[in-house]
Amino acid sequence: MNNIFNFLANPSRFRIFAKNIYPFSLIIMLIFIFIGLWFGLFNSPPDYQQGETVRIMYVHVPAAWMAMIVYFSMTVMSIFSLVWRHPLADILAKCSAPIGAMFTLIALVTGSIWGKPTWGTWWVWDARLTSVFILFLIYMGHIVLVRAFEDEYKGARAGAILTLFGAFNLPIIKFSVDWWNTLHQPASVIKLNGPSIHNDMMVPLILMAFGFLFFYFSFLLINAQTELNHRKLKKLFIKQLNLN
Amino acid sequence: MYQHLIFVYSAYCFTFCVLLVFGLNSILVFIKANKNIDNFDVESDNINT
């Protein structure tokens, strides 16, 4: 594992790796999303209580999972960045934040759309909704903070520290439905005594989750290459200035 | 129950519009960054262009 990180620490090697991998990742993403959409919209049963609105789950839940997975990966990258000064960790954390913010926004908006017919309201300030909203604000803070510094190294360091502080919000999001009485339902998939939803609903949920996971992976590779190109261009400008 | 389908379609439309806009924007910026690198000539005097 350590060898892989050392191998990818070189920007040129990472660029070659990303360039070869991302087209396949995009294709896998499209396959998962299209099959997931077909199952979610046409080949899964309506819920006996909620009826057709349960189909919102197939975009809302995977987006909420991704919001947390992306933040968790940013936390790991921040540790790599602060402890081992891994150059690629800064870039990957910087490129992950907008993707994580996007998934959090999708989870919040689709949750709100699901809440209106189910709960009779678009929004309540209960523990789960509020903690996810705080996660969205942390993502936005990270995006702004990293780009606020002219020195990329200082920006990355500030972003890594913010990410580590914000990581305390992850267990709060996960266990908020157990610790407090919330309008949001408790966990029904990721829990100790196994999932409590039917396989017909589990299949589209898992397919869409993999689709979103490959979306993250594909666009992380694409955006990381863009960031590397911007940094290379900056160095070339400086080289040109010195030559002239 | 079927009157609630509008909520389902709204959620799906929002999700896939956001994914599409984000994805297209990322790909366009990536292509532009690649072009900038390919067209850059260190020897030339094109600092302000």
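Select the buried residues of helix α5 of chain A: their cover includes α3, α4, α6 (152-166) and α7 (169-179) of chain A. This is a predicted model, in which local features need pLDDT of at least 70 and side-chain atom pairs count only at pLDDT 80 or more, while totals for chains, interfaces and linings use all residues. Residues are numbered from 1 along each chain as its sequence is written, with chains lettered from A and ligands numbered from 1 in the order in which they are written.

**Stop 1: helix α5(A)**

Stay on residues 127-148 of chain A. Helices here are DSSP runs of H or I with at least four residues, strands are runs of E with at least two, and numbering starts at the N terminus. Helix α5(A) has 22 residues and reaches 31 Å from its first C-alpha to its last. That is close to the 32 Å expected at 1.5 Å a residue (the expected span is 1.5 Å times one less than the number of residues).

Which residues of α5(A) are buried? They are Arg128(A), Leu129(A), Ser131(A), Val132(A), Leu135(A), Ile138(A), Tyr139(A), His142(A) and Val146(A). Buried means 20 or more other C-beta atoms within 10 Å of the residue's own, exposed means 12 or fewer, and partly exposed lies in between; C-beta atoms are placed from the backbone.

Now jump from Arg128(A) to Gln185(A). They are 57 residues apart in sequence and 9.4 Å apart in space, C-alpha to C-alpha. Gln185(A) sits in the loop between α7 and α8 of chain A. It counts as exposed because it has 9 C-beta neighbours inside 10 Å.

**Stop 2: all of chain A**

Zoom out. Chain A has eight helices and zero strands. Its C-alpha atoms fill a box of roughly 70 × 35 × 30 Å along the principal axes. Of its 244 residues, 38% count as buried. Take the contacts in chain A with a separation of 6 or more: 76% of them join residues 24 or more positions apart. A contact means two C-beta atoms, placed from the backbone, within 7 Å.

**Stop 3: the nonpolar core**

Select Ala63(A), Ala67(A) and Phe103(A). These have the most contacts inside the largest nonpolar core, which has 63 residues. Such a core is a set of buried Ala, Val, Leu, Ile, Met, Phe, Trp, Tyr and Cys residues joined through C-beta atoms within 7 Å. The elements giving it two or more residues are α2 (11-42), α3, α4, α5, α6 and α8 of chain A, together with α1 of chain B.

Centre on Phe103(A). Leaving aside neighbours within four places in sequence, Phe103(A) contacts Ala63(A), Met66(A), Ala67(A), Val70(A) and Phe212(A).

**Stop 4: where the chains meet**

Show both chains. The contact takes 35 residues from chain A and 27 residues from chain B. On the chain A side, α3, α4 (87-119) and α8 (199-243) each supply at least two residues. The largest share, 16 residues, comes from α8(A). By class, that side has 19 nonpolar, 11 polar and five charged residues. Ala, Val, Leu, Ile, Met, Phe, Trp, Tyr, Cys and Pro count as nonpolar; Asp, Glu, Lys and Arg as charged; the others, Gly among them, as polar.

Next, pick α1(B). Its buried residues are Phe7(B), Val8(B), Ala11(B), Thr15(B), Leu19(B), Ser26(B) and Phe30(B). Their cover includes α3, α4 and α8 of chain A.

Look along α3(A) (57-84) against α1(B) (5-39). How do the two axes cross? They come within 9 Å and cross at roughly 40 degrees. That makes α3(A) oblique to α1(B). Val59(A), His60(A) and Ala63(A) meet Ala11(B), Tyr12(B) and Thr15(B) there. Axes are lines fitted to C-alpha atoms, for helices over the stretch in contact, with angles from 0 to 180 degrees between N-to-C directions. Under 35 degrees is roughly parallel, over 145 roughly antiparallel, 65 to 115 roughly perpendicular, and the rest oblique.

**Stop 5: two single residues**

Select Lys116(A), in helix α4 of chain A. It is partly exposed, with 15 other C-beta atoms within 10 Å. Not counting residues up to four places away in sequence, Lys116(A) touches Thr121(A), Trp122(A) and Phe7(B).

Finish at Arg85(A), in the loop between α3 and α4 of chain A. Most residues other than glycine have a negative phi. Arg85(A) has a positive phi of about 50 degrees although it is not a glycine. With 13 C-beta neighbours inside 10 Å, Arg85(A) counts as partly exposed.
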